[in-house]
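Have a look at the picture and then read on.

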Protein chains: 2
Amino acid sequence: MVPMNGAENALAEAVVPTPRAVPGAGVPAERILAETRELTRPALRQAVADCPESCARPVGLAVGLLDGDGNPVDGGGKMFRAALALAAALGYRDDPRPGVAGAVAVELLHAYTLTHDDVMDGDRWRRGQPSVWAAHGLNVAILTGDVLYALAQHTLAQHTLARRDAAGGAAAARYLSRAAVDVTYGQAQDLAMEPRPFLGPEAVSVDEYREMTANKTGSVIGAALAIGGALGGAGAEQTDALWQAGRHLGVAFQAVDDQLGIWGEPSVTGKPVDSDLARRKKTIPVLAAVGSRPELAEAIERFQPAGLPELARALADAGGHAAARDEAAAQLDQARRMLDRAAPRPAARARLDALIDFTAARTA
Amino acid sequence: MVPMNGAENALAEAVVPTPRAVPGAGVPAERILAETRELTRPALRQAVADCPESCARPVGLAVGLLDGDGNPVDGGGKMFRAALALAAALGYRDDPRPGVAGAVAVELLHAYTLTHDDVMDGDRWRRGQPSVWAAHGLNVAILTGDVLYALAQHTLAQHTLARRDAAGGAAAARYLSRAAVDVTYGQAQDLAMEPRPFLGPEAVSVDEYREMTANKTGSVIGAALAIGGALGGAGAEQTDALWQAGRHLGVAFQAVDDQLGIWGEPSVTGKPVDSDLARRKKTIPVLAAVGSRPELAEAIERFQPAGLPELARALADAGGHAAARDEAAAQLDQARRMLDRAAPRPAARARLDALIDFTAARTA
């Protein structure tokens with residue numbers, strides 16, 4: 001990470017949790033992710049191949065297998081959520097196969113939320129490719145999101161019937177649909193927050209932001225862990241602990257993202273450092289800073305990109321940076337406690353920790 | 001039905017199947033539908049009440065419990081699909097309760113497809129109320145559809161786990177997701193057909209139209225029957241026969257709709273009689289008529305509302321009306337054969353027949 005200046009660099013480093021040594025297993029996160037892609041991609045390719053002609057290109061684009069013109073690419077997401085599902089499935093049995101259906105379902109769920117989010121946010125780019133609506137138009141993007149989520153549920157339903165794992169499959173399907181409900185609730189909460197002020201009785205609180213983030217970001221991660229666990233043989237309480245762990249992880253990663261959105265380095269994050277501020281997003285650091293120094297609300301409303309260094313420093317001085325760091329640390333801590341409760345076997349836990357540390361650090 | 005003129009009235013009547021006497025049960029369709037609404041509405045009200053504040057109004061509007069301003073209404077759909085689910089569930093056991101979760105899931109699925117369809121088709125009105133996008137904007141309409149489908153899957157998942165009916169629940173969930181996949185495929189096929197010509201190598205065929213309709217319209221009806229059956233205790237082959245029956249019913253009802261879209265009476269159908277022609281929709285009667293008299297393609301391209309009587313007569317003379325009638329009759333016949341194979345108990349079969357006859361006739 002390239003520093004904006006010395007002081008802010010020190011702050012930015014402090015917010016990123018130190019990767020923990022992985023005891024025993026020692027499989028690096030990059031290898032876990034590569035294995036995940038190898039296990040998951042054939043099923044995603046099949047889903048694209050099964051689409052009618054008019055669906056295949058946008059669906060392929062959404063899952064990262066095709067570019068905007070329909071040509072195959074070796075891109076796609078890093079499949080972090082799929083990797084969590086596979087790792088969680090290994091927590092209770094040695095057979096990785098039950099986790100694959102869950103990994104595919106979770107990747108489809110994730111691609112669905114991104115496809116509809118890009119429509120709602122008007123974002124034209126995604127993973128270096130045009131977003132689905134930018135490449136194929138609004139109606140096709142709505143349909144593509146719809147089919148992705150339906151395929152996610154269908155993947156689990158087919159798996160459940162084929163493997164006669166009715167109990168695990170039903171629990172997995174319930175976490176998938178619960179995540180899909182919560183994601184839409186979170187997105188609705190986010191849209192409803194946009195016009196609200198930073199100050200006064202209508203102001204957005206940190207608690208509301210945390211709940212919105214747990215819904216919007218955490219529930220897909222929670223679904224990944226819970227679906228993997230349920231398919232892998234976890235009990236009901238273990239599966240629920242996995243779900244809760246994922247909700248906390250979502251808030252932790254978002255807090256890191258929020259911090260990088262102000263004090264991060266665009267060439268590393270791939271995101272203009274002033275875009276959250278330019279959108280007047282009510283993120284953790286901003287809400288916390290305005291909470292302690294209300295006069296900052298006006299500075300945010302008046303924000304222009306040229307004023308970034310000054311505003312970033314003022315937000316840090318008002319405790320915004322420390323608040324994001326503390327939030328990330330506290331949420332990661334709670335996530336780990338929930339993983340303790342879920343009690344996957346040590347090798348699987350080591351994989352989960354490697355993925356979590358990698359992602360918390362990689363976001364920097 | 002008020003005739004456009006004598007000859008066309010006779011034709012229009014001929015396309016509507018004669019209601020069959022319901023042996024034994026004798027419960028009129030209106031009463032079955034009223035019972036269905038009574039059993040299903042509390043769960044739909046609960047789904048609305050469980051939404052966060054920012055979701056409740058659009059979700060309530062989508063399921064017909066609220067008007068565009070958020071006031072309660074006694075409207076909503078007639079709940080035909082929910083009634084099919086409940087009737088099918090009674091086909092194998094006496095307990096109506098398992099069918100209720102299926103009925104609610106199917107109504108949520110139906111509301112989801114209507115909400116997104118209205119966005120894609122730009123339709124501003126639905127059941128005498130503004131459509132969700134017209135009342136609440138595009139982004140909220142996308143989210144509302146998303147949450148409705150997620151709630152549909154979640155309803156079945158919760159039911160499955162609560163009642164420990166893992167096998168029936170898994171099969172029901174699979175038909176729900178399969179219908180959701182097929183609906184989006186059908187909608188994509190429909191959108192792709194729009195710009196294609198009536199003539200030449202790129203022309204839309206009746207077979208393609210039939211497949212699109214079975215996907216877009218038939219699969220929700222198929223899901224209603226199959227989900228009801230699966231939850232009610234039908235075996236795998238019986239459940240699949242119910243699904244097939246619903247796909248045929250969808251095509252039959254659409255063929256009747258297509259015929260009424262040209263020769264029907266707007267004050268009865270609630271739809272301007274020239275809207276399908278004005279949109280150059282490639283419906284069964286139009287495709288059949290152009291197939292036998294290619295010169296009609298040009299008349300359709302040039303169509304103006306004032307020319308309706310003349311064009312309607314020409315399409316009828318070219319066999320379009322007869323084709324729609326024959327298609328509806330053939331599809332109803334196949335649906336009944338599939339219901340024979342599903343072999344629900346006689347009282348439940350009588351209910352299904354009453355609902356089907358009522359809908360085929362009522363559409364007129």
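This is a predicted model: local features need pLDDT of at least 70, side-chain atom pairs count only at pLDDT 80 or more; totals for chains, interfaces and linings use all residues.

Residues are numbered from 1 along each chain as its sequence is written, and chains are lettered from A and ligands numbered from 1 in the order in which they are written.

**The two copies**

Two copies of a chain are related by a rotation about an axis and a shift along it. The same surface serves both copies, as 100% of the contact residues of chain B recur in chain A. Contact, here and below, means heavy atoms within 4.5 Å.

**A buried histidine and a covered helix**

Helices are DSSP runs (H or I, at least four residues), numbered from the N terminus. One stop is H159(B), which has its place in helix 7 (residues 138–163) of chain B. H159(B) is buried, with a relative accessible area of 10%. For the record, buried means under 20% relative accessible area, exposed over 50%, and partly exposed in between (1.4 Å probe, protein chains only). If you leave aside its neighbours within four places in sequence, H159(B) touches P98(B), A101(B), R164(B) and L231(B).

Over in chain A, helix 4 (residues 80–89) is mostly covered, with 10 of its 10 residues buried. Among them are F80(A), R81(A) and L84(A).

**Rings that meet**

Rings of Phe, Tyr and Trp (its six-membered ring) pair if their centres lie within 6.5 Å; planes under 30 degrees apart count as stacked, over 60 as edge-to-face and the rest as tilted. How many aromatic pairs turn up over all chains? A search of the whole structure finds seven. Take F80(B) and F253(B): their ring centres are 5.7 Å apart and their planes are at 70°, so this pair is edge-to-face. F80(B) sits in helix 4 (residues 80–89) of chain B and F253(B) in helix 10 (residues 236–263) of chain B, so the pair ties together parts that are 173 residues apart in sequence. Both F80(B) and F253(B) are buried.

Then there's Y175(B) with W243(B), whose ring centres are 5.5 Å apart with planes at 50°, so that pair is tilted. Y175(B) belongs to helix 8 (residues 166–193) of chain B and W243(B) to helix 10 of chain B, so the pair ties together parts 68 residues apart in sequence. Y175(B) counts as buried at 5% relative accessibility, and W243(B) is buried too, with a relative accessible area of 0%. Ring pairs also link Y112(A), Y149(A), Y112(B) and Y149(B) into a cluster.

Charges can sit over rings as well (NZ of Lys or CZ of Arg within 6 Å of the ring centre and within 35 degrees of the ring normal). In chain B, the charged end of K282(B) sits over the ring of F198(B), 5.1 Å from its centre.

**Opposite charges**

Side chains of opposite charge can pair when their charged atoms come close.

| Salt bridge | Closest N and O atoms |
|---|---|
| D190(A) and K216(A) | 2.6 Å |
| R196(B) and E208(B) | 2.9 Å |
| R336(B) and D357(B) | 2.9 Å |

R336(B) lies in helix 16 (residues 320–342) of chain B and D357(B) in helix 17 (residues 346–362) of chain B, so their bridge ties together parts 21 residues apart in sequence. Both R336(B) and D357(B) are buried. Salt bridges that share partners also join R31(A), E35(A) and R351(A) into one network.

Note on methods. Side-chain values use heavy atoms; hydrogens and water are left out. Helices (H or I, at least four residues) and strands (E, at least two) are DSSP runs, numbered from the N terminus. A salt bridge is a side-chain nitrogen of Lys or Arg within 4 Å of a carboxyl oxygen of Asp or Glu.
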